Amino acid sequence: MKHDAGVRVVDHPLVAHKLSLLRHRDTRHGEFRRLAHEITLLCAYEATADLSTEAVSVPTPLATAECRRLSGPEPAVVGILRAGLVMVDAVLELVPDAAVGHLGMYRDPGTHQPVDYYDKLPDRIAERAVLVVDPMLATGGSAVRALTRLAEAGATDVRLLCIVGCPEGVAAVQQAHPEVPIHLAALDSHLDENRYIVPGLGDAGDRIFGTQ
Ligand code: PRP
Ligand code: URA
């Protein structure tokens with residue numbers, strides 16, 4: 001894991017290998033979904049490393065074990081639709097009891113600004129640890145909008161997990177929400193004139209769902 005002022009880029013051979021397959025233009029949607037799911041599993045392990053725990057005594061068949069378990073209400077995973085759905089499923093494998101929120105938005109092709117179309121967050125969001133997931137952090141507009149919505153709802157313990165980010169998106173999130181740690185599987189070079197990440201992997205939603 002590489003650390004840089006709130007940005008953590010996973011440095012792991014399995015993540016690197018799976019990213020090389022995910023990025024390939026010939027990877028079709030079934031394989032793309034599976035790879036995005038697996039990368040999320042590996043990265044979410046680190047992105048949840050700061051969840052708070054409490055002591056608990058557990059009776060084993062032999063004795064009492066002093067253990068630790070997650071404290072407080074169940075964490076929440078909040079997916080930015082559509083592409084974030086594939087990552088929500090992966091996080092739920094690790095945290096099956098997590099509450100799930102959805103924030104629907106799409107990037108306007110002309111302005112590149114997010115346009116909201118759905119908003120449903122779990123109850124008691126202010127008391128929960130929240131993991132926001134979206135495969136792409138491009139201009140950062142969608143992530144900033146989601147993090148602002150969560151802040152308005154009272155969430156204070158929030159982290160962001162994306163698969164591919166770029167310096168422009170990282171800067172936008174850090175400026176608007178400097179308290180939110182950003183976890184990435186890869187930090188790419190820059191945005192092109194259409195605000196796509198270069199080299200990136202193309203349009204994540206279309207590649208996940210087989211749409212154009
Ligand atoms: C993609 C991606 C992010 C957003 C990133 O979603 O999943 O949500 O773009 O771009 P930004 O950082 O410049 O905001 P898109 O808007 O294409 O919607 P989709 O998930 O429905 O395909
Ligand atoms: N959204 C995507 O899906 N990919 C990009 O590179 C930028 C925004």
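This is a predicted model: local features need pLDDT of at least 70, side-chain atom pairs count only at pLDDT 80 or more; totals for chains, interfaces and linings use all residues.
1. Backbone contacts of ligand 2. A polar backbone atom of I197 is 2.8 Å from an oxygen atom of ligand 2. A nitrogen atom of ligand 2 is 2.8 Å from a polar backbone atom of G202. For A204, a backbone N or O atom lies 2.8 Å from an oxygen atom of the ligand. The protein covers 89% of the 240 Å² of accessible area that ligand 2 has on its own (Shrake-Rupley method, 1.4 Å probe).

2. Location of ligand 2. Ligand 2 sits in the largest pocket. A pocket is an open set of points on a 1 Å grid over the protein atoms alone, with protein on both sides within 12 Å along at least five of seven lines; a molecule sits in it if more than half of its atoms lie within 2 Å of its grid points.

3. The pair D188 and R23. The whole structure holds 13 salt bridges (a side-chain nitrogen of Lys or Arg within 4 Å of a carboxyl oxygen of Asp or Glu). One of them joins D188 and R23, at 2.7 Å from N to O. Because D188 lies in the loop between strand 11 (182-187) and strand 12 (190-191) and R23 in helix 1 (residues 13-23), the pair ties together parts that are 165 residues apart in sequence. Helices (H or I, at least four residues) and strands (E, at least two) are DSSP runs, numbered from the N terminus. D188 is buried, at 9% relative accessible area, whereas R23 is partly exposed at 23% (buried is under 20%, exposed over 50%, partly exposed in between; 1.4 Å probe, protein chains only).

4. The pair R34 and E31. The closest N and O atoms of this salt bridge are 2.9 Å apart. R34 and E31 are three residues apart in helix 2 (residues 29-47), a separation of about one helical turn. R34 is partly exposed at 39%, and E31 is partly exposed at 34%.

5. The pair R69 and E54. A further salt bridge, 2.9 Å from N to O, joins R69 and E54. The pair links distant parts of the chain, with R69 in strand 4 (residues 64-70) and E54 in strand 3 (residues 53-59), 15 residues apart.

6. Basis of the values. Residues are numbered from 1 along each chain as its sequence is written, with chains lettered from A and ligands numbered from 1 in the order in which they are written. Local features need pLDDT of at least 70 and side-chain atom pairs pLDDT 80 or more, while totals for chains, interfaces and linings use all residues; side-chain values use heavy atoms, without hydrogens and water.

Definitions and conventions: A polar contact is a pair of N or O atoms within 3.5 Å; within protein, one must be able to donate a hydrogen and the other to accept it, and residues adjacent in sequence count only if both atoms are side-chain atoms. On a 1 Å grid over the protein atoms alone, a cavity is a set of points where a 1.4 Å probe fits but cannot get out, and a pocket is an open set with protein on both sides within 12 Å along at least five of seven lines; lining residues have an atom within 4 Å of a point.
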